Amino acid sequence: MKRFKIVSMLCLTMALGLTGCGSNNEGGNASGTPSSSGESTDKPAETAVQEKVVLKIPHYKSGQNVGAKFFLPQVERFNTKYTDKYEIQIEEVPNDDYNDKIKLLWQQKELPALIEKGANELVETLIEKDEIYDLKPFLDSKPELKATLIEDSVAFNTRDGKIYTMPSSVVRPIGLFYNKEMFADAGITKPIAQMNFEEFDQALQALKDKGITPLSLMTGENAWTTMLLASAFMANEPGAEEVLKSNRADKEFDYTSQMWVKAFGEVQKWLKEYTTDNALGAAYADSANNFLNEKTAIIANGTWMVGDFSDTTKAPEGFDKKVGVSLYPGGIGLATTAEYSWWIPKGLKQEETEAALAFIEFIRSPEEIEAYMVAEGGQAPNIQTSAEFTSKLNPILAEMNRSVTSDLKMIAQSMADVWPDQISSKEFSGYLPLLAQDKMTPEEFAEHLTKKAQQFKK
């Protein structure tokens, strides 16, 4: 299969305040840098004391969210660096409520000074309304920072010469984790990434024959783990490369073609034959818990989960030694460069914009990017990592790097990346139980999602 053009750069394994920051405040210049007033005075000069700028930011990477393990300490590192100048305070927001929270704050004209993503439809609306701060002058003034950005991500985030959200520097193909001991018990020796999906199904059956539940699936929330595996299956189908190409920016609204129907049929089989009794209605926490406590052999998820494997509050001691990682069958890695990242509302006070820009620059510094990859995996094709980088990597992350290096055939977006938000967040998961219980055929499932998606087509 044709590789996406950034794959050639991949030799390892993908993303990246309410106090005084209402979006209706005016101030700040185009580059976010201070401008002098040009006024003169006969009075003796006095030393100005700058008051610390505090930005309160609602964010989903908080509380028990797996992303909080790296993000919250990163915020503290920023606060320490700018201890007398800037401070970021994080308001905890559940992941499922985050998009609605940002929408509500926009409607109330109280957007925080920094937002990471948010619903695509909202970001696109604000781009059309030109209500997002243009990052291009700032990036043009920071050539070293600009040089780290991935070209396709820059292109996606640029409209009419303006850069609306921060382009990516890191790409992290999502694969799956598996229990090596369970695989050995079932006599499975072929690397998963070198299997096709027919061989993968045979491996699932071999696990089942040994009394091992193969898959950690879920139908609750956004059906994350189920959706990922379904996406990888469909990526192997004829015609899917164009639909799921990793830099695709537009959305898909028709799911009635054979590639979609076949993928939904495979999901139906997995839910009926190869997963846990609690998969129907299960949230991510349930799906993850089944894998972490050795009730299942496989979970589809990103490398940010690696820290959980050695966390004895979540998994048995030594569990991390049993975990292997791989790309999906067919050498598929799931990732996208067509996604929004950090953005700043237009119309903040100048000092708030400067604080927000300082935070973006900080988290995209080479040191922070490297720390991010050590913690959560990924590869930054335009950043020279330190000599110690590889030795710092968790063995599981290093194994993912090797899988990418030796087995990667295609980078594809997930279904959730090409669906409108309403399908990925509600409709897909909401009707999976009917599919699993044979109350809906794969064809009917596809028709239902298509009918729903047409309602959200502009």
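Buried residues are those with under 20% relative accessible area, exposed ones have over 50%, and partly exposed ones fall in between (1.4 Å probe, protein chains only). The model is predicted, so local features need pLDDT of at least 70 and side-chain atom pairs count only at pLDDT 80 or more, while totals for chains, interfaces and linings use all residues. Residues are numbered from 1 along each chain as its sequence is written, and side-chain values use heavy atoms, with hydrogens and water left out.

**View 1. The aromatic pair of Phe-156 and Tyr-340.** Across the whole structure, a search finds 28 aromatic pairs (ring centres of Phe, Tyr or Trp, the latter by its six-membered ring, within 6.5 Å; planes under 30 degrees apart are stacked, over 60 edge-to-face, the rest tilted). Phe-156 and Tyr-340 form a tilted pair, at 5.0 Å centre to centre with 40 degrees between the planes. Phe-156 belongs to helix H6 (residues 151-156), whereas Tyr-340 is in the loop between strand S9 (332-334) and strand S10 (342-343), 184 residues apart; helices (H or I, at least four residues) and strands (E, at least two) are DSSP runs numbered from the N terminus. Both Phe-156 and Tyr-340 are buried.

**View 2. The aromatic pair of Phe-264 and Phe-428.** These rings, Phe-264 and Phe-428, are tilted at 40 degrees between the planes, with 6.5 Å centre to centre. Phe-264 lies in helix H11 (residues 258-273) and Phe-428 in helix H19 (residues 421-436), so the pair ties together parts that are 164 residues apart in sequence. Both Phe-264 and Phe-428 are buried.

**View 3. An aromatic cluster that includes Phe-71.** One cluster is formed by Phe-71, Phe-78, Tyr-82, Tyr-86, Trp-342, Phe-359 and Phe-362.
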